Amino acid sequence: MDATAVDVAYWDLSRQRSRIAHLAALLSPEEAARAERLAIPAVRERFVLRHGILRETLGEMLGAAPPELRFTHGPDGKPALAGGDIGFNLSKSGDGLLIAMARGATLGCDLEELRPNAEAKAIAARWFSASERAALASRDGDDFDRAFVRLWVRKEALLKAVGTGLQGPLGIDTGDPEPAEAARPVQTATGALWLIDIEPVPGWLAAVAADQPMTIRLAMHV
Ligand SMILES: CC(C)(COP(=O)(O)OP(=O)(O)OC[C@H]1O[C@@H](n2cnc3c(N)ncnc32)[C@H](O)[C@@H]1OP(=O)(O)O)[C@@H](O)C(=O)NCCC(=O)NCCS
């Protein structure tokens, strides 16, 4: 099977704030109402920026006007484009935004800022695979934090590809925490998915999961 080219775009939203009025005008009435319900201005602003940029990005790929795109949602809330065969997924962390998209693929992605997590050891003990726990036990300090976040983004990307999000089983074994830039298969409860590690900017770790072998084309908007 030929590898599918997955377009992955990283955005620093702090560089997009001057475009907020333009991006807000692309939203559907439902998205605009969802934004209105967000009480914290910075959270509302990021919502408008990322949903406007998502529409712009998918509209460009489809050759369609961004406001005309229609989305459906899976049983656990995973958004999908209505009609057509473009799969996508989005993840945000602070001002970072990651969008993965490809024709004919089911995708998941996750982006997290690298920082210490006081709950990391307890989360790993409860939810991570035996080999992941062993890999973490041999690390400390920054090495531990980096390995924990790496494993976490992989799991979230896989579960977002499946569509369950964090309600799904976190115990999937995602292998050695050292980053792997080539796609490799990972066994999940519902079959094999492919996984790629990325560090789009230093200190921000991400993973992309797909239902087929893939390569990544990374576009940076920073
Ligand atoms: C979905 C989930 C992984 C997102 O967590 P998060 O920390 O906000 O993570 P990210 O920033 O990486 O992803 C958010 C994006 O993922 C997408 N998404 C939402 N639900 C998803 C799902 N079940 N699977 C895959 N992607 C999903 C959306 O595009 C969302 O963006 P939005 O919040 O701007 O609409 C997490 O909330 C979760 O697992 N929830 C469990 C499912 C759930 O409770 N659903 C209730 C709503 S029906």
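**Arg 154 and its surroundings**

Mentor: Leaving aside residues up to four places away in sequence, Arg 154 touches Thr 174, Gly 175, Asp 176, Pro 177, Glu 178, Pro 179, Arg 184, Leu 195, Asp 197 and Ala 207; contact means heavy atoms within 4.5 Å. The model is predicted, so local features need pLDDT of at least 70 and side-chain atom pairs count only at pLDDT 80 or more, while totals for chains, interfaces and linings use all residues. Residues are numbered from 1 along each chain as its sequence is written, and side-chain values use heavy atoms, with hydrogens and water left out.

Trainee: Is Arg 154 buried or exposed?

Mentor: Buried means under 20% relative accessible area, exposed over 50%, and partly exposed in between (1.4 Å probe, protein chains only). Arg 154 is buried, with a relative accessible area of 0%.

Trainee: Which backbone oxygen does the side chain of Arg 154 reach?

Mentor: A polar contact is a pair of N or O atoms within 3.5 Å; within protein, one must be able to donate a hydrogen and the other to accept it, and residues adjacent in sequence count only if both atoms are side-chain atoms. Here the side chain of Arg 154 reaches the backbone oxygen of Thr 174 at 3.0 Å.

Trainee: Where is Arg 154 found?

Mentor: Helices (H or I, at least four residues) and strands (E, at least two) are DSSP runs, numbered from the N terminus. Arg 154 is found in helix H6.

Trainee: In what order do the four strands of the open sheet come?

Mentor: Two strands pair if DSSP finds at least two bridges between them. The order is S6-S9-S8-S7, with antiparallel pairing. Strands S6 (107-113) and S7 (184-188) stand at the edges with a single partner strand each, so one side of each is left without a neighbour in the sheet. Strands S8 (residues 191-201) and S9 (residues 204-210) pair over six bridges. Asp 197 stands opposite Ala 207 in S9, and Arg 154 touches both of these residues.

Trainee: How many aromatic pairs does a search of the whole structure find?

Mentor: Rings of Phe, Tyr and Trp (its six-membered ring) pair if their centres lie within 6.5 Å; planes under 30 degrees apart count as stacked, over 60 as edge-to-face and the rest as tilted. The search finds four pairs. In the pair of Phe 71 and Phe 88, the centres are 5.8 Å apart and the planes at 70°, so this pair is edge-to-face. Phe 88 is buried at 4% relative accessibility, whereas Phe 71 is partly exposed at 21%.
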